[in-house]
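This briefing is meant to be read alongside the sequence and the coordinates.

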Amino acid sequence: MKYMMLVCVAEGTELSPDEAARIGPDTEAWVEEMDRRGIRLQGNQLRPVSDATTVCVRGDEVLIADGPFAETKEQIAGYDILECADLDEAIEVAAKHPVARFGKLEVRPFWVE
Amino acid sequence: MRPDVGDEVAEAFRQEWGKVVAALIGMTGDWDLAEECAQDAFAQALKTWPRDGVPRRPGAWLTTVARNRALDRLRRGATETARLREAAALSVPSDPDLDDDSGITDDRLRLIFTCCHPALALEARVALTLRTLAGLTTAEIARAFMVSEETMAKRLVRAKHKIRDAAIPYRVPPAHLLPDRTAGVLAVLYLLFNEGYSASGGADLVRRGLCAEAIRLARALSQLMPDEPEALGLLALMFFHDARRATRVDATGDLVRLEDQDRSRWDPAEIGEGVAILDAALRRGRPGAYQVQAAIAACHATAADAADTDWAEIAALYGELARLVPSPVVELNRAVAVAMADGPAAGLVLVAALDASGALRGYHLLPATRADLLLRLGRRDEAAASYREALGLAGTDSERRFLTLRLAELAGPG
């Protein structure tokens, strides 16, 4: 079962010095474990929403806007594509991700016909 | 058909329904298929048991029939190899509980924990468990949650879709994951007891078996989780209600109001047990909704008569309950307590606010309560109109008779 895991962090989140020091190595350890277990198929961190561009087409016109499409406080900071046996495994994997300690992780199954 | 065989099928339904469905979910992973095949098995029992006699192990018989039916259906619908493999695997019965490290010794409690997956919304989790394991009808569950049957049916379908699409496993959770599921399990047991205590449809007001089973399960839960005061609170609450069951309806099956009940017939052993359990819960110093409700029930159960009841304390406890779990039904009960403590006019103000909010539209106890308060204020015409409104909404024969009686009293000389 394939899941998209969206790594979400509220805008303006300030990490404690301790958390700031741990987040890098902890994320590397998480990636290493999930790659080894064959769970993490792919994933990456995203640049901040200030670098985002939103595109839509209305009629014949391509409309382009600076910034993200969703005006929410929580922003997508990264993603991982997971291959898990079931939702319980996906929850276990998400709960181990270091961002879960201060952000939120959304786990959503891929559309399967 | 011999009538006693019908009874035995009904008894088997009560005892075995959840186990049969759970076994089929474990085998097929398909909740709809599991429920349909369990239904087929019980239909088959109704046909063959009168002819062949009741099998020695009804549960095993029903599970086998349901499993064979599932196998047939999967084979018939199998167009892909994967489905065929699935069907083949079915012929080897697997026991999903073999490697279970939940520490739950009670079979049915283990199934309830399994069903109450925290990835489903609390209400959906509870509704699905009541439907799947307790075999309550969608209409009964809808009434417990005070939504329409259509809304509840949609919720159940949505929950089953998420189970399938997000691959939520049907697996007994390990011990360290049980606390995530406790709120759902408590709600299931509470609603199971309520359904037994005030059956939402039909003529039978107290479905004794459901109450006894809910008490047994709540006791097992409080032993499993001795540090969870809410489990004790729920058990105490059930004892206080159950202690009054003999006086809740009269010989003709009609509802008797709390103030009119013969308190000498309340079960003192159950009240004593409830008080002891509630004390043990409150000593933990972690109050919760079930403990507060038990404390309210304790006020009633330990009062010598209706006049002796500490209504101010009850009104305060309902205030506390409304803070813990805001709900219009709690607010309605608070209105009744306030009316008893401070007079009907004070209660009527709270009822009017509930009327204006529309939150309890369709709930017969709202106009019934309004009617009682209006009557106590001598506003007889308005009271009669409210009783009539309640009558149009009441779900059981007994509730309707009770309201008809009140209306007849009003119409008489007064």
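Leu391(B) is found in helix H19 of chain B, which covers residues 380–391, and the model in which it is placed is a predicted one. Leu391(B) counts as buried, because 20 other C-beta atoms lie within 10 Å and the cut-off for a buried residue is 20 or more.

**Surroundings of Leu391(B)**

- Once its neighbours within four places in sequence are left aside, Leu391(B) is in contact with Arg400(B), Leu403(B) and Thr404(B).

**Packing of H15(B) and H16(B)**

- Helix H15 of chain B (residues 311–324) packs with helix H16 of chain B (residues 328–342) at an angle of about 160°, and their axes are 8 Å apart.
- Since angles over 145 degrees count as roughly antiparallel, H15(B) and H16(B) are therefore described as roughly antiparallel to each other.
- The crossing in which H15(B) passes H16(B) is left-handed.
- On the H15(B) side, the residues that meet H16(B) are Trp311(B), Ala312(B), Ile314(B), Ala315(B), Tyr318(B), Gly319(B), Leu321(B) and Ala322(B), and on the H16(B) side they are Val330(B), Glu331(B), Asn333(B), Arg334(B), Ala337(B), Val338(B), Met340(B) and Ala341(B).
- Sorted by class, the residues in the contact of H15(B) with H16(B) comprise twelve nonpolar, two polar and two charged ones.

**Chain B as a whole**

- The secondary structure of chain B consists of 20 helices and zero strands.
- The C-alpha trace of chain B spans about 75 × 50 × 40 Å along its principal axes.
- Of the 414 residues in chain B, 41% are buried.
- Among the contacts in chain B with a separation of 6 or more, 60% are accounted for by residues 24 or more positions apart.

**Contact between the chains**

- Where chain A and chain B touch, five residues of chain A are in contact with seven residues of chain B.
- The side of chain A that touches chain B has, by class, three nonpolar and two charged residues, with no polar residues.

Notes
Residues are numbered from 1 along each chain as its sequence is written. Chains are lettered from A and ligands numbered from 1 in the order in which they are written. This is a predicted model: local features need pLDDT of at least 70, side-chain atom pairs count only at pLDDT 80 or more; totals for chains, interfaces and linings use all residues. Axes are lines fitted to C-alpha atoms, for helices over the stretch in contact, and angles run from 0 to 180 degrees between N-to-C directions. Helices (H or I, at least four residues) and strands (E, at least two) are DSSP runs, numbered from the N terminus. Angles under 35 degrees count as roughly parallel, over 145 as roughly antiparallel, 65 to 115 as roughly perpendicular and the rest as oblique. A crossing is left-handed if the near helix is turned anticlockwise from the far one by less than a right angle, and right-handed if clockwise. Two residues are in contact if their C-beta atoms, placed from the backbone, lie within 7 Å. Ala, Val, Leu, Ile, Met, Phe, Trp, Tyr, Cys and Pro count as nonpolar, Asp, Glu, Lys and Arg as charged, and the others, Gly among them, as polar. A residue is buried if 20 or more other C-beta atoms lie within 10 Å of its own, exposed if 12 or fewer, and partly exposed in between; C-beta atoms are placed from the backbone.
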